[in-house]
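Take a look at the sequence and the model, then go through the points below.

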Amino acid sequence: MHLKALYSFAILLLAITACDTASSDDENPETQNPALRVQITTNTATPFIDYILEAEITTSNSIKEVEVTDDGGASYSARESSEPDGQGTQLKLYFSYATLGTRKLEFKVTDIYGQVVPFSETITVTRGNAVRILSAEVISFYKKDQTWDPEFADTDVNRLADVGIALLKSKLNDRFGGTDYTMYRWHTSESRQNQSDLFFDLTEEDLYIDLNKEIRIGIGDDDGGNISQSLIPDFPDYRIIDLKTYATTRPKVITLKDESIDLEIKFTVEWPQG
């Protein structure tokens, strides 16, 4: 009788254990990650030339990584966090454009659970307060009509400079910071062989620049093979036009002149309305 009672007790214990396990499984179902929801807001859908467009991404879960492409995939930026908690549920991005037209911004947000939400935003860049550069004419430069290519004889026209101009302006360099700017070569003209026809028609180039910016102007002698030498003999080897100084008078022609190096270049410009 004792063994029989003990056997019955063991069966009863197993039954209770099985019930407890089933009850525990019911109380702790497999954890589901919270759904990722993403919202984007921008300070404008029609930013001006050189204007800073701010885009703020807000998510329901902490962000691990944000990727963005624009200009049809011509540019790509990403920011990823290695921290387990990610980089929070809000993130700002900054954009700036030098040309007119429509841009499609494509984003991909990944949260700390590995969930991915792609979405896009379309903007249209408008002129705003931008000045348009229509033409440039080089009137004089250092050692004009003199020898720049000494491999040619003094009577050979090929000794003269093959003249080209370059325009530089600042651009936003950090999509996730919004404060880092660098100068970049905005436009480089073709070279004019042996300093002939130093008028450069720029109407087809769509060169727009915000009237609060400055333009750096370089001029050089093209020696071919991606080799050139500056026709500005001192440092720095460029000169500056600060458009703000002309914003009140708004002349149709802006003359860059430095008599110390016999430099003169005339720019024809078109000012924004208003």
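N194 sits in the loop that runs between strand 10 and strand 11 (199-201); strands here are DSSP runs of E with at least two residues, numbered from the N terminus. Keep in mind that this is a predicted model, where local features need pLDDT of at least 70 and side-chain atom pairs count only at pLDDT 80 or more, while totals for chains, interfaces and linings use all residues. Residues are numbered from 1 along each chain as its sequence is written, and side-chain values use heavy atoms, with hydrogens and water left out.

- Most residues other than glycine have a negative phi, and most peptide bonds are trans.
- N194 is not a glycine, yet its phi is positive, at about 55°.
- With 15% relative accessibility, N194 counts as buried (buried is under 20% relative accessible area, exposed is over 50%, and partly exposed is in between, using a 1.4 Å probe and protein chains only).
- D197 is also found in the loop between strand 10 and strand 11, and its phi is positive too, near 50°.
- D197 is exposed, its relative accessible area being 55%.
- Going from F235 to P236, the peptide bond is cis, with omega near -5°.
- P236 belongs to the loop between strand 14 and strand 15 (239-242).

- Look for D174 in the loop between strand 9 and strand 10.
- D174 has a relative accessible area of 28%, so it is partly exposed.
- A polar atom of the D174 side chain lies 3.0 Å from the backbone nitrogen of F176.
- The backbone nitrogen of G177 is reached by the D174 side chain as well, at 3.2 Å.
- Y94 is 80 residues away from D174 in sequence, but C-alpha to C-alpha they are 7.6 Å apart in space.

**Aromatic rings**

- A pair of aromatic rings is described by the distance of the centres and the angle of the planes.
- Rings of Phe, Tyr and Trp (its six-membered ring) pair if their centres lie within 6.5 Å; planes under 30 degrees apart are stacked, over 60 edge-to-face, and the rest tilted.
- Searching the whole structure turns up four aromatic pairs.
- F107 and F119 make a stacked pair, because their ring centres are 5.0 Å apart and their planes are at 10°.
- That pair links distant parts of the chain, with F107 in strand 6 (residues 101-111) and F119 in strand 7 (residues 116-125), twelve residues apart.
- Both F107 and F119 are buried, and together with F95 they form one aromatic cluster.
- Y142 and W148 pair up edge-to-face, 6.3 Å centre to centre with 75° between the planes.
- Y142 is partly exposed at 33% relative accessibility, whereas W148 is buried with a relative accessible area of 11%.

**Charges over rings**

- A charge sits over a ring if NZ of Lys or CZ of Arg is within 6 Å of the ring centre and within 35 degrees of the ring normal.
- K143 has its charged end over the ring of W148, 5.0 Å from the centre of that ring.
- K171 does likewise with the ring of Y184, at 5.1 Å from its centre.

**Pockets**

- A pocket is an open set of points on a 1 Å grid over the protein atoms alone, where a 1.4 Å probe fits and there is protein on both sides within 12 Å along at least five of seven lines; lining residues have an atom within 4 Å of a point.
- The largest pocket has a volume of about 450 Å³, volume being the space filled by probe spheres set on the points, which are joined across faces, edges and corners.
- It is lined by 22 residues, and the closest to its centre are A166, R185, I219, G220 and S228.
- Strand 13 gives the most to this lining of the largest pocket, with six residues.
- The second largest pocket has a volume of about 330 Å³.
- Its lining has 20 residues, and the closest to the centre are S96, Y97, A98, K171 and L172.
- Strand 9 gives the most to the lining of the second largest pocket, with four residues.

Methods
A polar contact is a pair of N or O atoms within 3.5 Å; within protein, one must be able to donate a hydrogen and the other to accept it, and residues adjacent in sequence count only if both atoms are side-chain atoms.
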